[in-house]
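The following briefing is meant to be read beside the sequence and the structure. Its points are grouped by topic.

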Amino acid sequence: RCKDLSVSFWNSYWMLPSDVCGMNCFWEAAFRYDYMKTHPEKMHLAVVACGERLEETVTMLRSAIIFSIKPLHFHIFAEDQLHESFKDILDEFPYEGRVNYTLYPITFPSESAAEWKKLFKPCASQRLFLPLILKNVDSLLYVDTDILFLRPVDDIWSFLGKFNSTQIAAMAPEHEEPRIGWYNRFARHPYYGVTGINSGVMLMNMTRIRRKYFKNDMTPVRLQWGEILMPLLKKYKLNITWGDQDLLNIMFFHNPESLYVFPCQWNYRPDHCIYGSNCKAAEEEGIFILHGNRGVYHDDKQPTFRAVYEAIKNYSFGDDLVHSLLEPLEGELQKTTHTYCGRVYKVFIKQLTESIRDLYARRSKGR
């Protein structure tokens with residue numbers, strides 16, 4: 001049978017290497033492609049929200065809805081007191097049948113819940129347990145609350161089809177420039193690659209994650225995902241700074257063949273411009289996903305990031321995207337040229353402009 005080929009629509013027939021399967025498999029894949037054209041695959045997106053992250057999370061979800069093509073299912077893990085507010089807001093969104101959501105409580109393994117809760121920021125380590133909680137979800141895009149999509153979610157989702165047979169997840173490097181890298185200068189634990197990886201945007205083939213046995217430095221026996229997390233925490237808890245992200249770095253240090261690394265414009269953070277522009281891919285193609293870590297959406301330290309956030313937060317669904325979003329945003333960005341990030345403000349709207357153009361082209365074609 002077509003081993004691993006049914007996991008994703010993106011493994012449809014034009015992407016299959018000829019030595020993977022015979023003609024029976026070819027026709028099965030071709031049939032699957034025709035089926036998915038009339039029954040679009042649903043993309044699953046997860047986020048974890050605690051404390052004062054309601055508005056930020058909703059703004060992220062809005063950005064995902066604006067441009068995406070295939071249906072979306074949001075998996076929102078939030079503190080109980082936020083559930084009603086999420087429901088009130090999301091039920092008012094004009095989904096047009098393309099978006100569903102499920103709200104979940106914050107949950108950790110009962111025997112170690114207190115330890116996981118206090119790791120790094122409240123609730124942050126919830127993402128480590130998504131493959132074990134969402135047992136019926138095959139693939140998932142996890143994002144932090146401070147993420148903004150400047151192009152369709154479909155495009156990052158398509159990386160699932162680029163995974164080779166050993167890859168189970170995709171993330172971007174923590175830094176492009178080692179001279180300002182944190183892991184290569186300060187880490188007291190193993191980390192992936194030259195500068196480590198950032199877990200704020202993490203694409204997962206969760207079926208593969210649940211099946212995999214991971215190499216580690218605790219035992220010669222390989223361990224599955226649910227078995228390895230607590231031993232890793234116990235061994236490294238005095239040496240880790242960034243909580244669950246550090247644990248993921250350790251895990252992929254020992255299993256580098258399991259990670260697909262995508263370019264920096266898929267997880268563009270202040271570090272890519274505050275010391276001078278160092279994400280060449282974004283300079284050439286624009287920013288695809290903006291990650292406003294360090295709270296830059298809510299203070300005046302990086303007005304370029306804040307301007308994008310405010311523009312998407314204030315955009316009303318159905319309004320003209322050029323006049324109500326793009327043009328006002330460009331005007332605000334031009335006021336930020338006194339900062340390093342502001343000097344390259346055009347990378348903040350280059351892809352956004354393309355996404356708006358493509359969206360209107362699709363709408364015209366559909367008429």
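**Briefing on a predicted model**

The charged end of Arg 151 sits over the ring of Phe 288, at 4.2 Å from its centre, where such a placement requires NZ of Lys or CZ of Arg within 6 Å of the ring centre and within 35 degrees of the ring normal. The model is a predicted one, in which local features need pLDDT of at least 70 and side-chain atom pairs count only at pLDDT 80 or more, whereas totals for chains, interfaces and linings use all residues. Residues are numbered from 1 along each chain as its sequence is written, and side-chain values use heavy atoms, with hydrogens and water left out.

**The chain as a whole**

- The secondary structure of the chain comes to 15 helices and eleven strands, these being DSSP runs numbered from the N terminus (H or I and at least four residues for helices, E and at least two for strands).
- Of the 367 residues of the chain, 56% count as buried; buried means under 20% relative accessible area, exposed means over 50%, and partly exposed lies in between, with a 1.4 Å probe and protein chains only.
- Among the contacts in the chain with a separation of 6 or more, 71% are between residues 24 or more positions apart, a contact being heavy atoms within 4.5 Å.

**The sheet**

- Seven strands form an open sheet of mixed pairing, in the order β3-β2-β1-β4-β7-β6-β10, and two strands are taken to pair if DSSP finds at least two bridges between them.
- The edge strands are β3 (99-104) and β10 (259-261), each of which pairs on one side only.
- From one strand to the next, the twist averages 25°, with axes fitted as lines to C-alpha atoms (for helices over the stretch in contact) and angles running from 0 to 180 degrees between N-to-C directions.
- Helix α10 (residues 244-254) packs on this sheet and touches β6 (169-173), β7 and β10, and its direction makes about 65° with that of β7.
- Strand β2 (residues 72-78) runs parallel to β3 and is joined to β3 by six bridges, and Ile 76 has Leu 103 as its bridge partner in β3.

- Five of the five residues of β4 (residues 139-143) are buried.
- In a regular strand the side chains alternate between the two faces of the sheet.
- Both faces of β4 are covered, with Ser 139, Leu 141 and Val 143 buried on one side and Leu 140 and Tyr 142 buried on the other.
- Strand β1 (residues 43-49) runs parallel to β4 and is joined to β4 by two bridges, with Leu 45 opposite Leu 141.
- Strand β7 (residues 197-205) pairs with β4 in the antiparallel sense over five bridges, and here Val 143 stands opposite Val 201.

**Aromatic rings**

- The whole structure holds 18 aromatic pairs; rings of Phe, Tyr and Trp (its six-membered ring) pair if their centres lie within 6.5 Å, and planes under 30 degrees apart count as stacked, over 60 as edge-to-face and the rest as tilted.
- Tyr 268 and Phe 305 form a stacked pair, 6.4 Å centre to centre and with 20° between the planes.
- Because Tyr 268 lies in the loop between β10 and α11 (280-285) and Phe 305 in helix α12, this pair ties together parts that are 37 residues apart in sequence.
- Both Tyr 268 and Phe 305 are buried.
- Phe 159, Phe 163, Tyr 260, Phe 262, Trp 266 and Phe 288 are linked into a cluster by ring pairs.
- Arg 62 lies over the face of Phe 317, 4.8 Å from the ring centre.

- The buried residues of α12 include Thr 304, Phe 305, Ala 307 and Val 308.
- The end C-alpha atoms of α12 are 16 Å apart, which agrees with the 16 Å that its twelve residues should span at 1.5 Å a residue, the expected span being 1.5 Å times one less than the number of residues.
- Gln 302, in the loop between β11 (289-291) and α12 (303-314), counts as buried because its relative accessibility is 13%.
- Not counting residues up to four places away in sequence, Gln 302 touches Ile 274, Val 296 and Cys 341.
- Arg 294 is also placed in the loop between β11 and α12, but is exposed, with a relative accessible area of 52%.
- Most residues other than glycine have a negative phi.
- Arg 294 has a positive phi of about 65° although it is not a glycine.
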